[in-house]
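The following exercises concern one protein structure and are each followed by a worked solution.

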Amino acid sequence: MILSEHQSKELLAQYGVRIPDGRLARTAEEAEQRCREIRAEKYVVKAQIGAGGRGLAGGVRFAATPTSVRDEAERMIGKPLVTEQTSSAGETVASVYVEAAVDIAEDYYVALVIDPSSGQPTLLASTTGGVDFEKTARRDPGVVDSLSMPKGAKTPAETIAAFLADTGFPSKSVEGAAEMVQNAARAFVDNDMTLAEINPLALTAQGDWIAVDAKVILDDNASFRHPEFEALRGRNDWSADERVAHQNEINLVKLDGNIGVVVNGAGLGLATNDMLIDAGGAPANFMDIRTTATSFQIARGVELLLADPKVRIILLNVHGGGMTACDTVAEGVAFAYSRSERKLPIVARLAGQSADWATRLLKDRRLPFESRDTLGEAVRRAVELAQKGGK
Ligand code: GDP
Ligand code: MN
């Protein structure tokens, strides 16, 4: 589970990681009120979305007075924010975090991750923190150093300080940074995090360290050990459509293309999208209908695609197995079409259990579909129709 910035910061702060004084607000008026509680000389208004890259996209704005905090919040709340890390449709901003602005002298980067080969927490650090970190690190991975911090053995503060000094952190301030890292590492292990990233970790003119931005990811496989996190499950990193889909036993991820895909199974979904792209097409979504989904739930997923103006055509790719039979999915598609004005053409590749029955069902309900026997043929036809413009 990806925590939003304010959740990430609040969790880290419980372990002694220093953060600016801040409050969450869901309306512009609330944002104004909240900053009266903060009482700073200057404020920062930050869009709370799952994706990063907000700074370069207008999702982090400075404001000198509570009134201008309200104006900035007004400009963000309820509107989509498109960053380098979102799709081109962006993520809708449901809330903003208002903070006392920090007087930053220098930006650094630290993160705790799980090293995939050892399975142990590893500290990443760089002196090139800030909004350009991802770009810089992609160009030159050498700007990031790493230090293994195995779970059982508490890494001494001196070891961390020496590592940070080697990385290029200013030697007269490394102790404070090491303490911050140690606190973050405790939070990381205690809460089964897979990522705790602080970027920027800011050094103020007074020589203090403060986490100006933070991103925490909790390990979903360990959620049974943390019933306390249930309340955080607002899934603020999902779009409204993705949330509706998940409530209906469908894993949906919106993409940028124009071919809506209805697929059962995550592996089949990925393969379908790969094949579409190889054939010169562009999927509008990734879909994985879980085996427990009923035809009513599947209908909800298909409705989301029919309601998406980008989608020009639907590729229905179902491999009926022991759990999901083709006719369950066909029934869902037919139900969605019966309720929608927009009857997009369908290219159907139905195989496995009840494939014939499903085809008959689509025919009986007079759906605008063409059948193809193999996935390859279905993909080619879908790409062709999408390029013609569909309907
Ligand atoms: P991100 O772009 O989504 O990672 O959002 P951040 O929270 O990292 O904010 C982007 C950038 O805004 C940071 O890298 C800082 O340069 C700047 N910023 C954010 N908060 C403050 C602040 O309190 N003071 C100052 N001076 N800069 C800030
Ligand atoms: Mn950041």
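The centres of domain 1 and domain 3, taken over C-alpha atoms, are separated by 40 Å. The model is a predicted one, in which local features need pLDDT of at least 70 and side-chain atom pairs count only at pLDDT 80 or more, while totals for chains, interfaces and linings use all residues. Residues are numbered from 1 along each chain as its sequence is written, chains are lettered from A and ligands numbered from 1 in the order in which they are written, and side-chain values use heavy atoms, with hydrogens and water left out.

**Exercise 1. Domains**

State which residues belong to each domain in the domain assignment of the chain.

Solution. Domain bounds come from an automatic or database domain assignment. Domain 1 comprises 1-19 + 104-237, domain 2 comprises 21-101, and domain 3 comprises 238-387.

**Exercise 2. A salt bridge within a helix**

Explain why R34 and E37 are separated by about one helical turn.

Solution. First, the side chains of R34 and E37 meet in a salt bridge of 2.9 Å, N to O. Next, the two residues are three residues apart in helix α2 (residues 28-38), so about one helical turn separates R34 from E37. In general, an α-helix has 3.6 residues a turn, so residues three or four places apart point the same way. Finally, R34 is partly exposed at 23%, and E37 is partly exposed at 40%.

**Exercise 3. A metal site**

Which residues coordinate the manganese ion (ligand 2)?

Solution. Donors are N, O and S atoms within 2.8 Å of the metal (3.2 Å for Na, K and Ca); water is not among the atoms, so sites may look incomplete. The manganese ion is coordinated by N199 (O) and D213 (OD), at 2.2 to 2.3 Å. N199 is in strand β10 (residues 193-204), and D213 is in the loop between β11 (209-211) and β12 (214-218), 14 residues apart. N199 is buried, at 8% relative accessibility.

**Exercise 4. The span of a helix**

What span should helix α10 (residues 326-339) have?

Solution. The expected span is 1.5 Å times one less than the number of residues. For the 14 residues of α10 this gives 20 Å, and the end C-alpha atoms are 20 Å apart, which agrees. The buried residues of α10 include C326, V329 and Y337. Among the elements that cover the buried residues of α10 are β14 (259-263), α9 and α11 (355-364).

Terms used
A salt bridge is a side-chain nitrogen of Lys or Arg within 4 Å of a carboxyl oxygen of Asp or Glu. Helices (H or I, at least four residues) and strands (E, at least two) are DSSP runs, numbered from the N terminus. Buried means under 20% relative accessible area, exposed over 50%, partly exposed in between (1.4 Å probe, protein chains only). Contact means heavy atoms within 4.5 Å.
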